[in-house]
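This report covers one predicted model. It follows the sheet, the helices packed on it and the cores between them.

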Amino acid sequence: MPIGQALRTGFTLLLLWLTLGLAQAQTVLPVPPLTGHVIDTTGTLSGEQRAALDAKLTALEHDKGSQVVVLMVPSTQPEDIAAYANRVGNIWKIGRKAVGDGLLIVVAKDDHRVRIEVAKTLEGAVPDIAASHIIDNAMVPFFRHGDYAAGLSAGIDQVAARIRGEPLPPVATPNHTGATNGVDWVNVLVFLFIAFPVASALARSLFGQRLGAVVTGVGVGGLAL
């Protein structure tokens, strides 16, 4: 084959390879927005089932701070489930940022694949062998009978039990502003703004101009203590 023809053939094959690669990259499954603890893009779970699973995961996050999210998709193709779960985890960044205690459960329903993706801090609580055990023994038996809610519930229970046994940093206590030592100063100021003119007029009518002003000032000062 002449050199020119060989170069043209090679260039054509290279373009074809790049085109196929680009097409594949453009058809990967998009990552859905993180809208809650349970995201089902397959329509498998009922509203009541999602709410029950969400309640378990919300309680776990409230108690331990760890954020666990369930994602159900029809398929992760052309990626395998491990690559897709890793991509979702990198985009969502679940868990406390300073702790790294997020955990993602991905169910690819039509692929018959399940993946538990664990952030670094929870690798001791849910190592790979434990994750495989939870999937194979707690979740898959229910999935085989079409009961995805029960399988997810069983898997969540075992994941939560392991996380609850892990010595994680405590959950931060919310810092409520606008109150000091149990006194809501905003309400106090609103009350004084409304009550002061009325109290002042009443005191002046009862005690006279000067004494009424003194009585009003003492009363407002006492309320503020």
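α2 lies across β1 and β2. Its direction makes about 150° with that of β1. α4 also packs on the sheet, where it touches β3 and β4. The angle between α4 and β4 is about 145°.

The sheet itself is open and has four strands, in the order β1-β2-β3-β4. Its pairing is mixed. β1 (38–40) and β4 are the edge strands; each has a single partner, so one side of each has no neighbour in the sheet. From one strand to the next, the twist averages 10°.

| Strand pair | Sense | Bridges | Residues standing opposite |
|---|---|---|---|
| β1 and β2 | parallel | three | V38 and V70 |
| β2 and β3 | parallel | seven | M72 and V107; V68 and L103 |

How enclosed is β2? Seven of its seven residues are buried, so the rest of the structure largely encloses this strand. In a regular strand, side chains alternate between the two faces of the sheet. For β2, both faces are covered. Q67, V69, L71 and V73 are buried on one side. V68, V70 and M72 are buried on the other.

Next come the nonpolar cores. The largest has 33 residues. Within this core, the residues with the most contacts are L103, I105, I116, M139 and L152. Six elements each supply at least two of its residues: α2 (47–64), β2 (67–73), β3 (102–108), β4 (113–118), α4 (128–144) and α5 (148–164). α5 gives the most, with eight residues.

Leaving aside residues up to four places away in sequence, M139 touches I105, V114, I134, G151, L152 and G155. A second core is separate and has 13 residues. I81, W92, L104 and V106 are among them.

Which of its residues are buried? They are Y148, A149, G151, L152, S153, A154, G155, I156, V159, A160 and I163. These buried residues pack against α2, β2, β3, β4 and α4. With 17 residues at 1.5 Å a residue, α5 should span 24 Å.

What is the relation between α2 and α5? Their axes come within 10 Å and cross at roughly 5°. Angles under 35 degrees count as roughly parallel, so α2 is roughly parallel to α5. On the α2 side, the contact is made by Q49, L53, K56, L57, A59, L60, D63 and K64. On the α5 side, A149, L152, S153, I156, D157, A160, I163 and R164 take part.

L152 is one of the residues with the most contacts inside the largest core. L152 is also touched by M139, is buried and takes part in the contact with α2.

Terms used
Residues are numbered from 1 along each chain as its sequence is written. This is a predicted model: local features need pLDDT of at least 70, side-chain atom pairs count only at pLDDT 80 or more; totals for chains, interfaces and linings use all residues. Side-chain values use heavy atoms; hydrogens and water are left out. A nonpolar core is a set of buried Ala, Val, Leu, Ile, Met, Phe, Trp, Tyr and Cys residues joined through side-chain atoms within 4.5 Å. Buried means under 20% relative accessible area, exposed over 50%, partly exposed in between (1.4 Å probe, protein chains only). Contact means heavy atoms within 4.5 Å. The expected span of a helix is 1.5 Å times one less than its number of residues. Two strands pair if DSSP finds at least two bridges between them. Axes are lines fitted to C-alpha atoms, for helices over the stretch in contact, and angles run from 0 to 180 degrees between N-to-C directions. Angles under 35 degrees count as roughly parallel, over 145 as roughly antiparallel, 65 to 115 as roughly perpendicular and the rest as oblique.
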